[in-house]
Amino acid sequence: MASASASLLKSSSPVLDKSEWVKGQAIRQSTVSVRSLPSGPSALTIRAGSYADELVKTAKTVASPGRGILAMDESNATCGKRLASIGLENTEANRQAYRTLLVTAPGLGQYISGAILFEETLYQSTTDGKKMVDVLVEQNIVPGIKVDKGLVPLAGSNDESWCQGLDGLASRTAAYYQQGARFAKWRTVVSIPNGPSALAVREAAWGLARYAAIAQDNGLVPIVEPEILLDGDHGIDRTFEVAQKVWAEVFFYLAENNVMFEGILLKPSMVTPGAECKEKATPQQVAEYTLKLLHRRIPPAVPGIMFLSGGQSEVEATLNLNAMNQGQLTCSARQVHWRGRIRGGQERNVRQGLRLLNLLARRS
């Protein structure tokens, strides 16, 4: 897997030029499926995608070596909690100032290849009146968008969840593309202490596959993110067993939905013991199990993998990632590293925050 991934990332296929993402580009016609008349026991499905080349280029750009993803897709409510921690109200103006601070960090594009945005941010301007999307593009950062609508209880399961948001997704992703987004994020979860039940695994995999197909049809590279939660006292072998099952289901349904593997990105959890497990794993063990999982389950056509920290501390996630010693396997950079260090919007604190964000992005 390591050599295959490295080969993909170092291939001669071009990455996206900035001008290809700029807001205002006309929406091209969505991918169409043509089903031929059956000539035998089954019909043959032929897909022709007008976005195929662009999807491949976008995926390679986001997965470019030495850079990672900045996840700044917090909802307005979550953003409000961060603002409250430094004594600020949860107003649109304060959220705008906070997000402006993130996207305007000098030199951020050297270490960040893509930024996942909340819907408000995608349509928002900086405090200087410039579109947030345009500021990112100028830094050679691909704008992305969170498209799921959150987790809700899954009826008939063991108190498990499923991710909603497929209703209206086609029209939303088309609008997001027009606004300048070029990739999408959809997060669903699997809980080991609650089973996981076959129903929950199947629902997670099917939902991810439908989302991925719809996103690609509208020009967005889908990040496929089935998070296996750290909750529980299970050992690393149990996590590995569940992860194999989850990823087998995910790729089965991705194929069933005619998703182009060269135009997706993965955001998996590392294979670790449960958070309450008494037997802790070393970074070398985490690397061994995680890479074994990738070898067994991830097709070599997939151009990039961005690991979730998934409840691990920043130090744990960095040590585990480092143990894999894979330059093309990047971990999402998160602004959570420096939250609470920007006080009251004072100019001195803003400068400190920008320097710290840049430092964290470089070290991640």
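So, salt bridges: a search of the whole structure turns up 11 of them, a salt bridge being a side-chain nitrogen of Lys or Arg within 4 Å of a carboxyl oxygen of Asp or Glu. Side chains of opposite charge can pair when their charged atoms come close. Quick caveat: this is a predicted model, where local features need pLDDT of at least 70 and side-chain atom pairs count only at pLDDT 80 or more, while totals for chains, interfaces and linings use all residues. Residues are numbered from 1 along each chain as its sequence is written, and side-chain values use heavy atoms, with hydrogens and water left out.

Okay, have a look at Asp73 and Lys185, whose side chains form a salt bridge at 2.8 Å, N to O. That pair ties together distant parts of the chain, 112 residues apart: Asp73 is in the loop between strand S3 (68-72) and helix H3 (76-85), and Lys185 is in strand S8 (residues 183-190). Helices (H or I, at least four residues) and strands (E, at least two) are DSSP runs here, numbered from the N terminus. Buried or exposed, then, for Asp73? Asp73 counts as buried at 10% relative accessibility, and Lys185 is buried too, at 9%. For the cut-offs, buried means under 20% relative accessible area, exposed over 50%, partly exposed in between, with a 1.4 Å probe and protein chains only.

Next up, Glu120 and Arg99: their closest N and O atoms are 2.5 Å apart. Glu120 sits in helix H5 (residues 119-122) and Arg99 in helix H4 (residues 92-103), 21 residues apart. Arg99 is buried, at 2% relative accessibility. And there's a network here, linking Arg95, Arg99 and Glu120 through salt bridges.

Now a local one. Arg238 and Glu241 bridge at 3.1 Å, N to O, and both lie in helix H9, 3 residues apart, about one turn of the helix. Arg238 is partly exposed at 29%, and so is Glu241 at 46%.

On to the rings: there are 7 aromatic pairs, where rings of Phe, Tyr and Trp (its six-membered ring) have centres within 6.5 Å, and planes under 30 degrees apart count as stacked, over 60 as edge-to-face and the rest as tilted. Take Trp206 and Tyr253: centres 5.6 Å apart, planes at 90°, so edge-to-face. Trp206 is in helix H8 (residues 198-217) and Tyr253 in helix H9 (residues 236-256), 47 residues apart. Trp206 is partly exposed at 37%, whereas Tyr253 is buried at 16%. Together with Phe252, Trp206 and Tyr253 form one aromatic cluster.
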